[in-house]
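Let's take a walk through a protein together. Keep the picture open while you read, and find each part as it comes up.

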Amino acid sequence: CQRVTRSLLSSPPGLRRQAAVAISQELSRLACRSPGPSAWIHQVRRRSSLLSSRLEEKPFSEMEMSYIKQGEEALQKSLRILEDQDDWKTETVAGNGDKVLSKVLPDVGKVFRLEVVVDQPLDRVYGELVDNMEQMGDWNPNVKEVRILEKIGKDTVITHEKAAATPGNIVGPRDFVSVRCSKRRGSTCVLAGMSTSYGAMPEQEGFIRAENGPTCMVLRPLPGSPSRTRLTWLLSIDLKGWLPKTIINQVLSQTQVDFAKHLRQRLARPGPA
């Protein structure tokens, strides 16, 4: 496999484009043939997305490649966490069936997992969360602003996010600088990310620079009901500062429940989001 990769990377641009297209088509075929989450995760973990990025005609700088690799790392780690079904504990279950689970990982700490079904097709949900990412502050009260600082290729972006203070200022304003990557294979989408360093966005006055990741959202059509979408959100955040664990756990699980509510309200509006 390594010999094939080196051969492709040293090929002329035209051949590299043809190879990238062939790889993409083969991945789509595999994804459609094996729509289950475990099968799709297995395909993604072959790191083909990173190879496809490197095969693009325009070469990336060393720094850009480091961000692409960070995005891939976030995606791989997130999927490994979600693939392990053991030891998840229920944090909360809403009346509409929305559920937040949690578990403690030795190398990550406590992570939270939101499981919901949204009565909208996958393309609509994906468009809101990816294409309209910078509009999230318009509909999610927990977010003040999301700004794309840099786009790298078609899958990777660097973002700056300002989180709003919680009611009563129990948790003050936080901000995050993250590398995010979005991958779509067949009927499954994964939006993954983790904190990163970005020289053009130093720490901001009035905000504590928190860290997140690995984190991801997985979108899949609901089996038997393709007009509805199953959304799984893996959340891993270090809020920094001096905060009791009980408050952190309550805030993070409630943030996920609130997100689902506000996302549904956003998507219920008439016309394209």
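We'll begin with the whole chain and then visit a few spots.

This is a predicted model, so to speak of a local feature we need pLDDT of at least 70, and side-chain atom pairs count only at pLDDT 80 or more, while totals for chains, interfaces and linings use all residues. Residues are numbered from 1 along each chain as its sequence is written, and side-chain values use heavy atoms, with hydrogens and water left out.

The protein has eight helices and twelve strands; these are DSSP runs numbered from the N terminus, with helices (H or I) of at least four residues and strands (E) of at least two. Of its 273 residues, 48% count as buried, meaning under 20% relative accessible area, whereas exposed means over 50% and partly exposed is in between (1.4 Å probe, protein chains only). Now look at contacts, that is, heavy atoms within 4.5 Å. Among those between residues at least 6 apart in sequence, 59% join residues at least 24 apart.

How do helix 6 and helix 8 cross? The axes of helix 6 (residues 122–131) and helix 8 (residues 245–267) come within 11 Å and cross at roughly 110 degrees. Axes here are lines fitted to C-alpha atoms, for helices over the stretch in contact, and angles run from 0 to 180 degrees between N-to-C directions. Helix 6 and helix 8 are therefore roughly perpendicular, a label for angles of 65 to 115 degrees. Helix 6 brings Arg-124, Val-125, Glu-128 and Leu-129 to the contact, and helix 8 brings Phe-259, Leu-263, Arg-266 and Leu-267.

Next, the strands. Strand 4 (residues 143–152) and strand 5 (residues 156–163) run antiparallel, joined by eight bridges; two strands pair if DSSP finds at least two bridges between them. Ile-152 has Thr-156 in strand 5 as its bridge partner. Three residues sit between the strands of this hairpin, and Gly-153 takes a positive phi near 65 degrees.

Most residues other than glycine have a negative phi, and most peptide bonds are trans. Asp-87 is not a glycine, yet has a positive phi of about 70 degrees. You'll find Asp-87 in the loop between helix 5 (62–83) and strand 1 (89–93), where its 63% relative accessibility makes it count as exposed. The peptide bond from Gly-213 to Pro-214 is cis, with omega near 5 degrees, and Pro-214 lies in the loop between strand 9 (211–212) and strand 10 (215–222).

Technical notes. Angles under 35 degrees count as roughly parallel, over 145 as roughly antiparallel, 65 to 115 as roughly perpendicular and the rest as oblique.
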